[in-house]
Amino acid sequence: FGCATSNEAPKRWYTQEQAAAGSPLYMKYCAGCHGDNGQGGKNWDRSNKDGSYPPQPLNGLGHSWHHSLSSLQNTVAKGGTHSGAVMPGFEDVLDAQQRKAVVAAFQEFWSDKVYTAWMKRAGL
């Protein structure tokens, strides 16, 4: 898994088949909060009156790209309560392969630049 040169797209950890398998799962379980294109909730970067935060973008604009693959999979499984988030977990709904496919699906929203930065920062 090497990062690409400036003229070619980076090699991603997942296959297109994994991303395609994750896409309907993303739409069913994630899009209602994170948006059809991973754009996040309205005013996602500002806290609600109760101190919680709206769902962050999963399209590379939020902080999901700061986290390793295992951390992203864990958040899908266990939910996210960090930084005031209130995301539920899906480990009783999605098996490990499905959770991995969901991560692949939302990483498809990431530009090559964001994906390369993720690989350098946390990645695999």
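Residues are numbered from 1 along each chain as its sequence is written, and side-chain values rest on heavy atoms, with hydrogens and water left out. Because the model is predicted, local features need pLDDT of at least 70 and side-chain atom pairs count only at pLDDT 80 or more, whereas totals for chains, interfaces and linings use all residues.

The protein contains five helices and zero strands, where helices (H or I, at least four residues) and strands (E, at least two) are DSSP runs numbered from the N terminus. The order of elements from the N terminus is α-α-α-α-α. The radius of gyration, taken over C-alpha atoms, is compared with a globule rule of 2.2 Å times the number of residues to the power 0.38. The computed value of 14 Å is close to the 14 Å that the rule gives for 124 residues, so the protein is as compact as a globular protein of that length. The C-alpha trace spans about 45 × 30 × 20 Å along its principal axes.

The accessible surface amounts to about 7,200 Å², and 50% of this belongs to carbon and sulfur atoms; areas come from the Shrake-Rupley method with a 1.4 Å probe, and for residues only the protein chains shown count as cover. Of the 124 residues, 39% are buried, a term that means under 20% relative accessible area, with exposed over 50% and partly exposed in between (1.4 Å probe, protein chains only). Contact denotes heavy atoms within 4.5 Å. Among contacts between residues at least 6 apart in sequence, 57% join residues at least 24 apart.

A nonpolar core is a set of buried Ala, Val, Leu, Ile, Met, Phe, Trp, Tyr and Cys residues joined through side-chain atoms within 4.5 Å. The largest such core has 23 residues, and Trp 13, Tyr 26, Val 103, Phe 106, Trp 110, Tyr 115 and Trp 118 have the most contacts inside it. Two or more residues each are given to this core by helices H1 (16-29), H3 (69-78), H4 (96-107) and H5 (112-121). The greatest contribution, five residues, is that of H4.

Within H5, Val 114, Tyr 115, Thr 116, Trp 118 and Met 119 are buried, and the cover over the buried residues of H5 includes H3 and H4. Apart from neighbours within four places in sequence, the contacts of Trp 118 include Trp 13, Trp 65, Leu 72 and Trp 110.

Arg 12 belongs to the segment before H1 and counts as buried because its relative accessibility is 14%. A polar atom of the Arg 12 side chain lies 3.0 Å from the backbone oxygen of Trp 110.

Val 76, in helix H3, is likewise buried, since its relative accessibility is 7%. Residues up to four places away in sequence aside, Val 76 touches Met 87, Gly 89, Phe 90, Glu 91, Leu 94, Arg 99 and Val 103. Val 76 and Met 87 are eleven residues apart in sequence, and their C-alpha atoms are 8.6 Å apart in space.

The structure holds zero disulfides, a disulfide being a pair of cysteine sulfur atoms within 2.5 Å. For Cys 30, the nearest cysteine sulfur is that of Cys 33, 8.6 Å away. Cys 30 is buried, with a relative accessible area of 9%.

Technical notes: Polar contact = N/O pair within 3.5 Å; in protein donor to acceptor, adjacent residues only side chain to side chain.
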